[in-house]
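Hello,

Here is the structure I promised to pass on to you.

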Amino acid sequence: MYELNRILLRNFGPRDARYEDVPLDFSGAGAEVETASLIPDAGHVAQRPAPASLVMLQNGGGKGVLLTGITCTTIPYRHSDLETLRNFTVSMAQPSHVVLEWADARTGRLLVTAQVLAPEHDGKLHRCFYSFHPSAALDADRLPFHRQGHWTPYEDYCTELRDWEKRVEALELHIVEGQEKWEKHQRGLGLQPELFDVQRRMNAKESDAAAAFTTNTADAFVEWLLRKATDDDRYTELGTAFHGYAAAHDERALWERERQFAVEMQHACEDVAGLHDTLNRHAGAAKNAEKDLVHLTSAIRARHTALTATEAERNTTLKDTHRALEAAKRTSELAHSRVQHVQACSHTLELDDITAQEQETQKNRQQAQDERTAWASVPIALRHTQALDNNNRAQRALVQAELTAAPFVQALDAAAAALRAGYTRAEKEARDTIRSHKDTTVETQKQIEQWRTRSNKLLTAAGAAQEETRTLQKQTDAFALRLNAAREHDLLAPQESAADAAARTQDHAHHSMQLLREADQVRKSVRTERDRAHTALAEQQALAWSARAAATAADEESSQLRAQAVAIRSNPLCAELLEANSDELGAGDALRWLGDHAGALHQLAERRTGGLETALTRKHIDLQNDQDLLSLLDTSEGLLPAAEEVRDLCGQLSDHGIHAVPGWQWMRDNVPTTERQQVISTHPDLVGGIIVGGLDGLDTAQSIVERLRPLPSAAVTVGTGERMLSTHAASDGGRFVVEPTPALHDEEAAAHERAAVDARITEVTRELNLLGQRITAVRDLLRQIANWRDACGMRTVSDLLGQLELLETSAEEAETALAAATTAAGEQETALEVAEDECERRTEGLKAAQRIAEDLARLAEEETAADQARARIKTLAGERVARTNELELLAGQIDQAGEEILYLARAIESAEQAADRYARAREEITSTSQAQQAHDASNATLLPLPSLQHRYLQAQDELRGVEVGEDQQVRATAAQKALLASQEEWNKVPEQVRGLAMGPQSRWTGR
């Protein structure tokens, strides 16, 4: 059953009470639908509309408009006040919309029924009805009422609805044009338009509706309702009203049974509350167990902390022992090898013991972790055991209740089978009646169709004859008008026929044709002379253009060369190379000046380039030397290391326990800066060599070197051969010392040297930039001179200027000849225009003569056709009288047959309603196939349908007293779901922990 959920009125109503955009929302205020989900799907609602709503409007606010909008949409066939609807609409460009949204009380599915109205200029009212089920693609709020801020025209709106009908089948969109078909379509959707017909009759006048509140008894109200809702000759509606009244009594009885059921449910709920108290007590005990579990977990955590601290302490001991071992290794490098071996073995044994202790600690930690996990899983085990016990109890109670209700279920099934058979028998009888009436209706319709076919043929023939008569009359009238027009224009003489006038104008056309041929011959000869003049003009134009192009090209070439010469002469380097003043160079033509000085200027620039390149090479060599020196003075990473051979030998001596350092390092650490130069001059061999500590160390180092024989390849002191063979003390004669870089021993001195070298590098770089700029300028000058020479080629400047003057003279002569040819061509054009005008005049005359001749020829033909048309009109008039008599006879027969069909249609509709009602009642009652077969085979006496209905209701009442309660089924289902949930939770507990978890549970259960 559908209930009205919302009303949308758009541009509907009279001018002073028009609903432009008014939504009336009754949704979301009623009870929940029977099959509502937590999150409704698109096109569904979770709550039913309001069961009653009060809409308050002031007088003249549009109450009647609202009711008219609803009734003209639900029962348009019975709401026949079209004049009122025309006043409530605007135009085809701004149509009116009435949208009704319904909600299914059982499923919550939405349904939209609506219509769009628009008046035509001639007073005709266009109406289009449609229905659809809203979804994510389209709903009532997203209907295309507007397009870009304007109302969607009527035709465009209907077109868009058809597009939606084709594109989205899920909408179940249906468009209906006819009013009677629309009411039938609504009944197919599950709506009841007849209820609105009752409302329409009640509200025919507002005073009639108010009269309902004056009744003070149920009988008076029913009498008033039947008087307003039915007519004296419409007994079907009266029966429907009484059926509704009986249904209301049945509903009241159902409500009383539901009240009794609610009282019984209250007692059951009290029992459930007692069980709930017991469950709370059990929950308190579980909470105490949880507290014990928390204390146990705290103890386990404390134990874990203690074990972690012990492990950390042992790790610290291990690290300290490792450090002691490393220190002992470093200290005992000079000791005896046996002592070192004994110490290493001792530490190895200690390390093995510590490793074993660490493994034992790790094992204890894993065991504690398993126990802690087991205690954490105890609540899961408890919940699983409780869920299993609850499920077993609920299943046993459910099975016992089903066994008790089995006989009553069988009795209800047998009564349902008998009642379904009764409904089937009643429906079959109604269907047979419908079939008989339909056969009679078909035969009558066939006869009406034959009469209408004959009438249509007669009407078609009459229409064709009328159209033919109208056409022939128009033809004769048109001929008379054209004939009068021709006489008014003097194309025909008063007594002259059209054929004679056509022959006369034809002769005049032939004469005009001869004159046109003569004028055309003259035009052709003049055009030939004009073409010759234009050919000569084109030749002179080509000569003049080529001469002018050559002169222009030569002038542009000389201009470009002169511009290059000006750029070269304005270069300051030219005055410097030629040793001349800039003002003297700027006088005279630059092109002629560069032609005289180009060779000398090129030689001087090449010489200057050679000198600058030589100086640039020398500066680059000086810059490279300073950069190499700067790398030798670099102390950014500290002093430079000693020679590689010295470092290798120091390493070998240190490996044998001798403290040896390079001489440069020892001098840096032990000799003041002011005395270092003297030490280098006196003992250069020791500065570049190695220093050891004490005479004992020197002897030991000598013995080791003699044994190892490293053979270094490094010498620092430079002297004579006599000094090398001398065994006396060192003196200043016979040798010299190469000054080493201060980066070996003095960072401050190296920094001073680097600053001086950086200054020299900066100065040389600046000079290099200046030399580079000067070389670039000279090379640019050489490039400009070379480009200028390439542009000149093998010609001199004098030759170029002479050739330019010659080309200018030739161009002027060619342009003079071109002007003369242009004048001659203009004269020929004038002559041709005169000949063309004459030909056009002759052509216009010929066309006028031919047009008059053709018009007169057609006029003669039309005169003959007009005579034939007058005769045909007389014949058609006689045929029209005979057809009119036959059509009147057929119309009477069709009207009589139509009344008979209307009577049969009403009888069929009544029988269909009864059959549908029986079918719906049978579908609402269910029975098993075994009960149906048993009833068919019993051959029992056929009882009346009311008796079968009473027996079925009595069986239902008896079953309700013993059937399984929904609360018991809900408890069984809930227990089963709880068991599945606890089983999934228990499956997540590891296998090795389940035994430990069940152990504490058993102990707790025992306590």
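Phe88 counts as buried, at 9% relative accessibility (buried means under 20% relative accessible area, exposed over 50%, and partly exposed in between, with a 1.4 Å probe and protein chains only). Before going on, please keep in mind that this is a predicted model, where local features need pLDDT of at least 70, side-chain atom pairs count only at pLDDT 80 or more, and totals for chains, interfaces and linings use all residues. Residues are numbered from 1 along each chain as its sequence is written, and side-chain values use heavy atoms, with hydrogens and water left out.

Rings of Phe, Tyr and Trp (its six-membered ring) pair if their centres lie within 6.5 Å; planes under 30 degrees apart count as stacked, over 60 as edge-to-face and the rest as tilted. By this rule the count comes to four aromatic pairs. One of them is formed by Phe12 and Phe88, an edge-to-face pair with 5.5 Å from centre to centre and 80 degrees between the planes. This pair links distant parts of the chain, since Phe12 is in strand β1 and Phe88 in helix α2 (residues 82–88), 76 residues apart. (Helices, H or I of at least four residues, and strands, E of at least two, are DSSP runs numbered from the N terminus.) Phe12 is buried too, with a relative accessible area of 0%.

The rings of Phe145 and Tyr157 have their centres 6.3 Å apart and their planes at 5 degrees, so this pair is stacked. It also joins distant parts of the chain: Phe145 is in the loop between β5 (125–132) and β6, Tyr157 is in helix α3 (residues 154–167), and twelve residues separate them in numbering. Phe145 counts as buried at 4% relative accessibility, and Tyr157 counts as buried at 0%. Together with Tyr130, Phe145 and Tyr157 form one aromatic cluster.

There is a charge over a ring as well: the charged end of Arg167 sits over the ring of Trp164, 4.6 Å from its centre. The rule here is that NZ of Lys or CZ of Arg is within 6 Å of the ring centre and within 35 degrees of the ring normal.

Now to the strands. How many of the nine residues of strand β3 are buried? Nine of the nine (residues 96–104) are, so β3 is largely enclosed by the rest of the structure. In a regular strand the side chains alternate between the two faces of the sheet. Both faces of β3 are covered, with Ser96, Val98, Leu100, Trp102 and Asp104 buried on one side and His97, Val99, Glu101 and Ala103 buried on the other.

On which strands does β3 pair? Strand β1 (residues 2–12) is joined to β3 by eight bridges, and the two run antiparallel (two strands pair if DSSP finds at least two bridges between them). Tyr2 stands opposite Asp104 in β3. Eight bridges also join β3 to strand β4 (residues 110–119), again antiparallel, and the bridge partner of Ala103 in β4 is Leu110. β3 and β4 form a hairpin with five residues between them, and Gly108 in the turn has a positive phi of about 80 degrees.

Two residues other than glycine have a positive phi as well. Asn11, in strand β1, has a phi near 60 degrees and is buried, with a relative accessible area of 2%. Gln148 has a positive phi of about 55 degrees, lies in the loop between β6 (146–147) and β7 (150–151), and counts as exposed at 77% relative accessibility.

Helix α1 (residues 63–74) is mostly covered, with nine of its twelve residues buried, among them Val65, Leu66 and Ile70.

Finally, a word on confidence. The protein chain averages a pLDDT (the predictor's confidence in each residue, from 0 to 100) of 76, and 82% of the residues score at least 70. Confidence is lowest in helix α20 (residues 721–725), at a mean of 40, and highest in β4, at 92. Over residues 732–738 the pLDDT stays under 50, and the model has 17 contacts for them beyond four places in sequence (contact means heavy atoms within 4.5 Å).

Best wishes
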